[in-house]
Amino acid sequence: MNCKVEKSKINGVIDCPSNKSYTHRGIFLASLAGNNSKVENILISADTKATIEACKKFGAVIEVNDSAVIVKEPIKIGSTVPEINTENSGTTIRIAIGIASLFSEEITLTGDDSIQKRPMQPLLDALASIGAKCSSTDGKPPVKIKGSILGGSIKIPGNLSSQFISSLLISAPLTKNGINLTIEGDLVSKPYLDATIATMRKFGVSVQTLIPYKKYNISPQIYKNTTFNVPIDFSSLALLLSFTVLNGEDVTIKGSMGNLPQGDEAFIDFLEQLGVAITINEDEIKIKSPKKLTGGIFDLRNSPDLLPPLAILSLMSSEPIQIVNVKHARLKETDRISILARELPKIGIIVEEKEDGLILKPSDNLTGAKLDSENDHRLFMAFCIAGTHIGNCTVTDSESVQVSYPNFIQEMNRLGAKIDIVKS
Ligand SMILES: O=C(O)C1=C[C@@H](OP(=O)(O)O)[C@@H](O)[C@H](O)C1
Ligand SMILES: C=C(OP(=O)(O)O)C(=O)O
């Protein structure tokens, strides 16, 4: 389905959604711990449902209510596991591949068309180096994994995705001998590794850091039952903030920041750099936007999901916004750099595409257009926000919001946005 988007202003109070990355981690680790482990304040979305389904296929017995899951029985390593379909979720398939390598029977993991284009080879090579049998076509799903790995020393490149490393860390304590992990080259999306280690710690497992983001040692341990509370999602918050900067009058965003690591909190600094005044209280954020934003150079190596909400701020900037070091954004649900470079000129933004980012220049000729989000949730939401600034836009693939922010359209319209679902 498409959305027709008209120029609109938003006002009022909105709750920031719960964090997707911590919901995934909480559910996987609670499923490894069992014993009534509980994950509270979860995000219920298509991606996190894919994680719940994966854990059930691994044998966990999980109760789900409105905002929490309780794991009655843990993942049964050694059971027979039917094919796992992780739908659109990269985090799910990558963490599940690591868990699958603990099983001695072959397990097949796949996902939707987008997942079938995303790279898995470095993770498969790493698992193969300690004895797993892994097969795929071209390193993309569907993948078949046959363990069980006993542990050992692993090398893995860090330049494509931190999720490979999160996957190895999560499975490592459950191997007989533990794992010594070496990350080769530069690591992207570092804060997501911090998020993994912080969540493991909450479930009673320690990771020994020998050299940060380079060398880790994980000894054999078991995950202990706990109650884990999911914080708000700074990636969704970035979209809400961007919306407020472009079209907000008096918007309050509610949600407790928590103290778990999140790389996307960098968006607050980026906004300040662009000239936005921000007030953060214990459980709410308010911003005061200037008439025009400045520009600047923004490094997204650690926060790739900020690319869409940052790129659309060029609608209001007086100087170019240059986004650098985010080549890995080409490996998400879509190649986000190339789609932004293709679509934003349609509404009058002057775009220069770089291998690792974009240079976005404001123009005086902003105009409505049809924007193709290619079923990528973050692009869909960013394009809708841009549309409410310009008016007369159509944005394709509204269903994609199910992935990370299922009530995005209703919530924005409640605040006054004019985003209407229309038949394509
Ligand atoms: O581990 C995670 O929860 C995530 C890690 C990041 O991916 P990469 O490490 O592949 O950049 C991020 O873009 C993704 O949305 C969620
Ligand atoms: C890239 C994303 O998620 P995943 O890798 O889990 O598909 C995202 O949510 O932007």
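1. For the reading of the ligand shells below, Ala, Val, Leu, Ile, Met, Phe, Trp, Tyr, Cys and Pro count as nonpolar, Asp, Glu, Lys and Arg as charged, and the others, Gly among them, as polar. By that division the shell around ligand 2 holds no nonpolar residues, four polar ones and five charged ones. The structure under discussion is a predicted model, and the points that follow should be read with that in mind.

2. The members of the shell around ligand 2 are Asp-47, Ser-89, Gly-90, Thr-91, Asp-305, Lys-332, Glu-333, Arg-378 and Ser-404. Domain 1 (2-17 + 232-422) and domain 2 (20-229) each supply at least three residues to the shell around ligand 2.

3. Ligand 1 has a shell made up of Ser-21, Thr-91, Ser-161, Ser-162, Gln-163, Ser-166, Val-188, Ser-189, Tyr-192, Pro-304, Asp-305 and His-328, and the division by class is three nonpolar, eight polar and one charged. Because both domain 1 (2-17 + 232-422) and domain 2 (20-229) give residues to this shell, ligand 1 lies between them.

4. As to the domains themselves, the assignment gives domain 1 as 2-17 + 232-422 and domain 2 as 20-229, and their centres, taken over C-alpha atoms, are separated by 29 Å. In the contact between them, 17 residues come from domain 1 and 20 residues from domain 2. The side of domain 1 that touches domain 2 is made up of seven nonpolar, seven polar and three charged residues.

5. One open sheet consists of four strands in the order β22-β23-β1-β24, and its pairing is mixed. The edge positions are taken by β22 (370-371) and β24 (418-422), and since each has a single partner strand, one side of each is left without a neighbour in the sheet. β22 runs parallel to β23 (residues 393-395), to which two bridges join it; in β23, Val-395 is the bridge partner of Leu-371. Helix α11 (residues 377-390) lies across β1 (2-6), β22, β23 and β24, and runs at about 170 degrees to β23.

6. Another open sheet, again of four strands and with mixed pairing, has the order β4-β5-β3-β14. Here β4 (61-64) and β14 (227-229) are at the edges with a single partner strand each, so one side of each lacks a neighbour in the sheet; from one strand to the next, the twist averages 15 degrees. Strands β3 (residues 37-40) and β5 (residues 68-73) run antiparallel and are joined by four bridges, with Ser-37 standing opposite Val-71 in β5. Helix α1 (residues 20-33) lies across β3, β4, β5 and β14, at about 170 degrees to β3.

7. Is Leu-315 buried or exposed? This residue sits in the loop between α9 (307-311) and β19 (321-324). A residue is called buried if 20 or more other C-beta atoms lie within 10 Å of its own, and Leu-315, with 24 other C-beta atoms within 10 Å, is therefore buried. Its contacts, leaving aside neighbours within four places in sequence, are with Leu-246, Ile-349, Leu-366, Ala-386 and His-389. From Leu-315 to Gly-139 the separation is 176 residues in sequence and 38 Å in space, C-alpha to C-alpha.

Note on methods:
Residues numbered from 1 in each chain as written. Chains lettered and ligands numbered in written order. Predicted model: local features only at pLDDT ≥ 70, side-chain atom pairs only at ≥ 80, totals over all residues. Domains from an automatic or database assignment. Contact = placed C-beta atoms within 7 Å. Near = placed C-beta within 6 Å. Pairing = 2+ DSSP bridges. Axes fitted to C-alpha atoms, helices over the stretch in contact; angles between N-to-C directions. Buried ≥ 20, exposed ≤ 12 C-beta atoms within 10 Å, placed from the backbone.
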